[in-house]
Amino acid sequence: MSFFLLMALYGILAIVLESTWLSNLPTSMLRFDFIIVAVAALSFYREAWRAIPVIVFFGVITDVASGGPFGMSILSYLIIYGCVRMVLAKISFQAGAALIFWIAMISVLDKLVSAVFMMAVTGRIVFAEVIIQAAPAQAILDAAIAIFLIPFIKWYWDLSWEKITRPKGLVMK
Amino acid sequence: MSLFQKKTRLIPLLIPLLLIIAFLSLTTGGARRAPWYEEILRNIITPPQRMFSSIGDAVSGVWSSYFALIGAEEENVILREHVAKLQSDLIRTDEVQKENGRLRDLLSYKETFPYQAIVAKVIANDPKAEFKSITINRGVEDGVKPLMPVIGPRGLVGKIGTVDSGSARVLLIIDPNSTTDVLVQRSRARGLVVGTAMRTELRPSYYLTRMEYLRRISDIKDGDVVVTSGFDRIFPAGIPIGTVNDLEKSRYGVFLDANVVPFENMDELQEVMVLLSGAKKTASKPSEE
């Protein structure tokens with residue numbers, strides 16, 4: 001239960017930060033995306049019954065906070081999850097460099113899904129232009145964030161009240 | 001692994017997909033009253049957004065004033081102690097003055113429109129870089145409804161998209177989902193301004209919009225001012241949008257295209273005004289924060 005609660009808090013905080021303090025950082029077309037990194041971490045490391053509800057929740061809150069059509073982020077994140085699970089047994093992602101590469105690929109996939117979805121919904125090519133132009137730089141940024149964020153997320157989702165309040169000496173024993 | 005086991009593994013994927021279909025089917029368009037599930041989530045997200053936005057404003061005020069004080073120290077060391085004592089007052093006064101200036105600009109601009117309007121504060125931007133929308137601190141409780149026009153001190157900002165009880169999302173004119181029926185002020189040539197969400201080198205930190213469906217014989221040139229036509233029954237006629245740049249006259253085709261640089265810098269919006277369509281002009285409601 002604490003896993004779901006912690007991840008819900010993470011998602012809300014990430015969306016709030018991305019839409020306020022970090023909304024123009026580093027630039028208005030290139031953003032810190034803590035959600036996509038979390039989606040990647042969930043896809044790589046957590047079992048389906050834990051990962052899917054959290055990924056759907058992340059998609060819902062992203063869609064609620066964003067001006068895009070409702071359902072776009074949910075769809076995009078679930079496609080990412082599905083793709084990662086399909087190739088998980090065939091790829092190496094534990095090593096640092098490999099993980100960074102795969103996070104960049106996930107970021108590009110997210111943008112591609114958004115571009116295709118928006119083109120299908122609106123019939124206008126301008127979305128694809130905007131999204132694809134920003135995709136390479138965004139992928140590099142997402143991969144760079146993942147270096148720090150994935151270890152944090154892995155520590156964070158196992159956090160419990162006991163772990164926080166337990167004396168350090170006892171943990172050492 | 002049996003076929004049944006293989007199929008049961010797909011169930012966790014099928015459930016959310018069905019959920020998506022359900023959500024998508026409930027979505028009828030960009031401008032609407034937020035459904036209950038969205039309203040619940042927005043009510044979770046909006047309070048921290050308001051809080052973070054307020055803290056951000058305060059911190060940026062302190063930051064900018066801090067540099068101003070460094071300059072003052074270098075110029076006059078004797079005043080340092082005095083300045084330090086008055087620092088907090090100065091910061092507060094400076095912020096209030098800036099806000100007053102912005103609100104005065106908005107109010108004087110508002111006088112040109114025979115509509116009742118309310119001032120709203122921008123509390124959040126779009127978390128997705130490819131979409132350009134803002135969240136304001138006014139909702140259904142303040143009389144805000146979907147598709148109401150939103151203006152800034154220099155011109156058109158956008159229209160209301162999703163609304164909930166205490167906040168609303170504004171679809172900016174620079175968003176690729178946005179379309180506005182416009183006229184060239186000088187020649188009355190008609191076209192559509194659509195968002196591109198792309199920056200322009202013509203005016204740093206501004207976004208570009210495109211004017212489409214202009215007739216080939218239209219009288220239009222660089223520097224022409226583009227205003228709303230009022231024909232779309234969303235925006236009142238005559239709200240300035242921007243100036244024409246880079247007219248594209250291809251050899252073939254029925255229509256002309258032109259880039260339009262909006263008057264408003266969407267990244268710097270802090271207060272906007274919602275025109276309560278159809279209502280008669282009365283005193284505006286002051287901003288909460």
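## A loop residue in chain B

Skipping its neighbours within four places in sequence, B:Asp222 is in contact with B:Val244, B:Asn245 and B:Leu247. Keep in mind that this is a predicted model. B:Asp222 sits in the loop between strand E9 (207-215) and strand E10 (225-228) of chain B.

Is B:Asp222 buried or exposed? With 11 other C-beta atoms within 10 Å, B:Asp222 is exposed, since a residue with 12 or fewer falls in that class.

## Two positive phi values

Phi is worth a look in two other loops of chain B. Most residues other than glycine have a negative phi. B:Leu147 is not a glycine, but its phi is positive, at about 75 degrees. You'll find B:Leu147 in the loop between strand E3 (133-136) and strand E4 (149-151) of chain B. It has 18 C-beta neighbours inside 10 Å, so B:Leu147 counts as partly exposed.

B:Arg233 also has a positive phi without being a glycine, and here the value is near 60 degrees. This residue belongs to the loop between E10 and strand E11 (240-248) of chain B. B:Arg233 is exposed, because 9 other C-beta atoms lie within 10 Å.

## Chain B as a whole

Stepping back, chain B has 3 helices and 13 strands. Of its 289 residues, 37% are buried. If you take the contacts in chain B with a separation of 6 or more, 62% of them are between residues 24 or more positions apart.

In soluble globular proteins, nonpolar side chains tend to be buried together. The largest nonpolar core here has 108 residues, and the ones with the most contacts inside it are A:Val37, A:Val39, A:Ile55, B:Val170, B:Val272 and B:Val274. Helix H6 of chain A gives the most to this core, with 11 residues.

Which residues does B:Val170 touch, leaving aside its neighbours within four places in sequence? B:Val170 is in contact with B:Ser133, B:Ile134, B:Ile136, B:Val150, B:Val157, B:Gly158, B:Ile160, B:Gly161 and B:Val272. B:Val272, in that list, is itself among the residues with the most contacts inside the core.

## Where the chains meet

Now for the contact between the chains: 40 residues of chain A are in contact with 40 residues of chain B. On the chain A side, helix H1 (2-19), strand E2 (30-31), helix H3 (48-65), H4, H5 and helix H6 (126-156) each supply at least two residues. H3(A) gives the most to that side, with 9 residues. By type, the chain A residues touching chain B split into 24 nonpolar, 13 polar and 3 charged.

## Helices packed on H5 of chain A

Two packed helices are described by the angle between their axes and the distance between the axes. Take helix H4 (residues 72-87) and helix H5 (residues 96-122) of chain A: their axes come within 9 Å and cross at roughly 135 degrees. That angle makes H4(A) oblique to H5(A), and H4(A) passes H5(A) in a right-handed crossing. From H4(A), the contact uses A:Met72, A:Leu75, A:Ser76, A:Ile79, A:Ile80 and A:Cys83, while H5(A) brings A:Ile106, A:Leu109, A:Asp110, A:Val113, A:Ser114 and A:Phe117. Those residues divide into 9 nonpolar, 2 polar and 1 charged.

Helix H2 (residues 34-45) of chain A also meets H5(A), with axes that come within 10 Å and cross at roughly 115 degrees. The crossing of H2(A) with H5(A) is right-handed. A:Ile36, A:Val37 and A:Ala40 of H2(A) meet A:Ile103, A:Ile106, A:Ser107 and A:Asp110 of H5(A). This contact has 5 nonpolar residues, 1 polar and 1 charged.

## An exposed alanine

One more residue of H5 in chain A deserves a mention: A:Ala98 lies in that helix. A:Ala98 counts as exposed because it has 12 C-beta neighbours inside 10 Å. Setting aside neighbours within four places in sequence, A:Ala98 is in contact with A:Ser92 and A:Phe93.

Notes: Residues numbered from 1 in each chain as written. Chains lettered and ligands numbered in written order. Predicted model: local features only at pLDDT ≥ 70, side-chain atom pairs only at ≥ 80, totals over all residues. Axes fitted to C-alpha atoms, helices over the stretch in contact; angles between N-to-C directions. Helix = DSSP H or I, 4+ residues; strand = E, 2+ residues; numbered from the N terminus. Parallel < 35°, antiparallel > 145°, perpendicular 65-115°, else oblique. Left-handed = near helix turned anticlockwise from the far one by under 90°. Contact = placed C-beta atoms within 7 Å. Nonpolar A, V, L, I, M, F, W, Y, C, P; charged D, E, K, R; others polar. Buried ≥ 20, exposed ≤ 12 C-beta atoms within 10 Å, placed from the backbone. Core = buried A, V, L, I, M, F, W, Y, C linked by C-beta atoms within 7 Å.
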